[in-house]
Amino acid sequence: MREPWVVGVSGASGTPYAAAVLRALLDAGAAVDLIVSRAARLTILDETGRPFRDGHWSDDLAAWLGRDLTGDDLRYWAAGDLAAGPSSGSYRARGMTVVPASTAACAGIAIGLSKDLLQRAAEVNLKERRPVVVVPRETPVTRSHLEHLIALHDAGAVVLPANPGFYGAGASASAQQLVDFVAGKVLDAMGVPHTLFHRWSGKLGADRP
């Protein structure tokens, strides 16, 4: 039986993180259900220059990821479709990540707002006690932001801020290496194998290319 990872992309800056996570999941042969919020479409257009349209999602996603999607186990659900599969706890899923996670998405998930399918799917995965990884990308943060993140943590989510480490590539790390570090940490939290970064070996500089 198909058991996908649900990937939600919200409107926060940081769509390269979402792209890296999606590529790595598909490279690992995982089934993926994708939800892109309305605000995220604007961010994707702003950060990549590419549109993301519900009616042309396959072509737009292939262009965004720079990948031929033929053979990938991938399903797309429109954010406004609250009758979609991931809106129900009886829909089979391995878990979910929201990457990047806007403060609005974090708040909505934390209080059970279910404003759109992304928030509803995250709430469903939390109530079903499945792995949920939330990747906030906001700085600085307010008290209310922190309270919502604490609520998500207490509900069982892994709160994984988009904070890259430099020990793999050093101060000369490229933007893609920093993105891949965060994406790799997301996949670690999901229990999905990957080769996105060099792991710490216990020796200074030992793993740098």
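Which residue just after helix 4 takes a positive phi? G112 does, with phi of about 70°. The views below come from a predicted model, in which local features need pLDDT of at least 70, side-chain atom pairs count only at pLDDT 80 or more, and totals for chains, interfaces and linings use all residues. Residues are numbered from 1 along each chain as its sequence is written, and side-chain values use heavy atoms, with hydrogens and water left out.

View 1. Two strands pair if DSSP finds at least two bridges between them. Strands (E, at least two residues) and helices (H or I, at least four residues) are DSSP runs, numbered from the N terminus.

**View 2. Strand 2 (residues 32-36) is largely enclosed by the rest of the structure, because five of its five residues are buried.** Buried means under 20% relative accessible area, exposed means over 50%, and partly exposed lies in between (1.4 Å probe, protein chains only). V32, L34 and V36 point one way from strand 2. D33 and I35 point the other way. Strand 1 (residues 5-9) runs parallel to strand 2, and five bridges join the two. Look for V7: its bridge partner in strand 2 is L34.

**View 3. Strand 4 pairs with strand 5 in the parallel sense.** Four bridges link these two strands. V98 has V134 of strand 5 as its bridge partner. Strand 4 also holds P100. The peptide bond from V99 to P100 is cis, with omega near -10°.

**View 4. Helix 4 (residues 103-110) crosses helix 5 (residues 117-127) at roughly 45°.** Two packed helices are described by the angle between their axes and the distance between the axes. Here the axes come within 9 Å. Axes are lines fitted to C-alpha atoms, for helices over the stretch in contact, and angles run from 0 to 180 degrees between N-to-C directions. Helix 4 and helix 5 are therefore oblique to each other. Angles under 35 degrees count as roughly parallel, over 145 as roughly antiparallel, 65 to 115 as roughly perpendicular and the rest as oblique. The crossing of helix 4 and helix 5 is right-handed. A crossing is right-handed if the near helix is turned clockwise from the far one by less than a right angle, and left-handed if anticlockwise. Helix 4 makes the contact through A104, A105, G108 and I109. Helix 5 brings L118, Q119, A122, E123 and L126. Contact means heavy atoms within 4.5 Å. By class, this contact has six nonpolar, two polar and one charged residues. Ala, Val, Leu, Ile, Met, Phe, Trp, Tyr, Cys and Pro count as nonpolar, Asp, Glu, Lys and Arg as charged, and the others, Gly among them, as polar.

**View 5. Helix 4 has buried residues: A105, C106, A107, G108 and I109.** What covers them? The cover includes strand 4 (95-101), helix 5, strand 5 (132-136) and helix 6 (143-154).

**View 6. Helix 1 (residues 15-27) crosses helix 3 (residues 57-65) at roughly 100°.** Their axes come within 10 Å. That makes helix 1 roughly perpendicular to helix 3. T15, A18, A19, L22, R23 and L26 of helix 1 make the contact with L61, W64 and L65 of helix 3. Seven of these contact residues are nonpolar, one is polar and one is charged.

View 7. Most residues other than glycine have a negative phi, and most peptide bonds are trans. S114 has a positive phi of about 50°, although it is not a glycine. R129 is exposed, with a relative accessible area of 68%. The peptide bond from T139 to P140 is cis, with omega near -10°.
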